[in-house]
Amino acid sequence: MENSIFTAENVLQNARSFLGMRWRHRGRGVDGIDCVGLVIESLLRAGWQPKQNDALRLEYSRRASDETLTEILLGEGEKISPHLALLRPADVLLFRFEGDDFPNHVGLVTDIGKYHHADGGPIYFIHSKAAQPNPRVVEGPLADGWLQSLVSAFRVPSLVDKGGF
């Protein structure tokens, strides 16, 4: 987006344009997209300019064998507590699943409004899931299994806070 302000709203609008797209390892659109591709493409299309080119050429296997993903995120964003009350839309979530030694899944926070109200409703996030059946980009609540797998959160510092989004 030329001459536009880099906002969480723009990031999430771009992320939601991928809803329903099929999952494909290392995919970056058209033929499919994976979780890392969803985050990178959503940020880029909203005007993000990465500090390091490695963020765009990230090589990774389905099973993480090191901390590369965490290191890339640390180089591009500010690590924040994954405490739910601190999350904001467009924050990047990093997950490590049971049995894995290293984090290997990411998503973007999409909605926090319900969590901050008295009903204590869930935070929502968007991600590209490889799980069967129907691996694809989905948006849903950050519920039990996801909460147990959440290890870190990152905020892209150049995002403009439009207040209240």
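Trainee: Which residues do ring pairs link into a cluster?

Mentor: Ring pairs join Phe95, Phe97, Phe125 and Trp146 into a cluster, where rings of Phe, Tyr and Trp (its six-membered ring) pair if their centres lie within 6.5 Å. This is a predicted model, in which local features need pLDDT of at least 70 and side-chain atom pairs count only at pLDDT 80 or more, while totals for chains, interfaces and linings use all residues. Residues are numbered from 1 along each chain as its sequence is written, and side-chain values use heavy atoms, with hydrogens and water left out.

Trainee: How many aromatic pairs does the structure hold, and why is the pair of Phe95 and Trp146 called edge-to-face?

Mentor: There are four aromatic pairs. For Phe95 and Trp146 the ring centres are 5.1 Å apart and the planes stand at 70 degrees, so the pair is edge-to-face, given that planes under 30 degrees apart count as stacked, over 60 as edge-to-face and the rest as tilted. Phe95 belongs to strand 2 and Trp146 to helix 4, 51 residues apart, helices (H or I, at least four residues) and strands (E, at least two) being DSSP runs numbered from the N terminus.

Trainee: What makes Phe95 count as buried, and Trp146 as partly exposed?

Mentor: Buried means under 20% relative accessible area, exposed over 50% and partly exposed in between (1.4 Å probe, protein chains only). Phe95 has 0% and therefore counts as buried, whereas Trp146, at 22%, is partly exposed.
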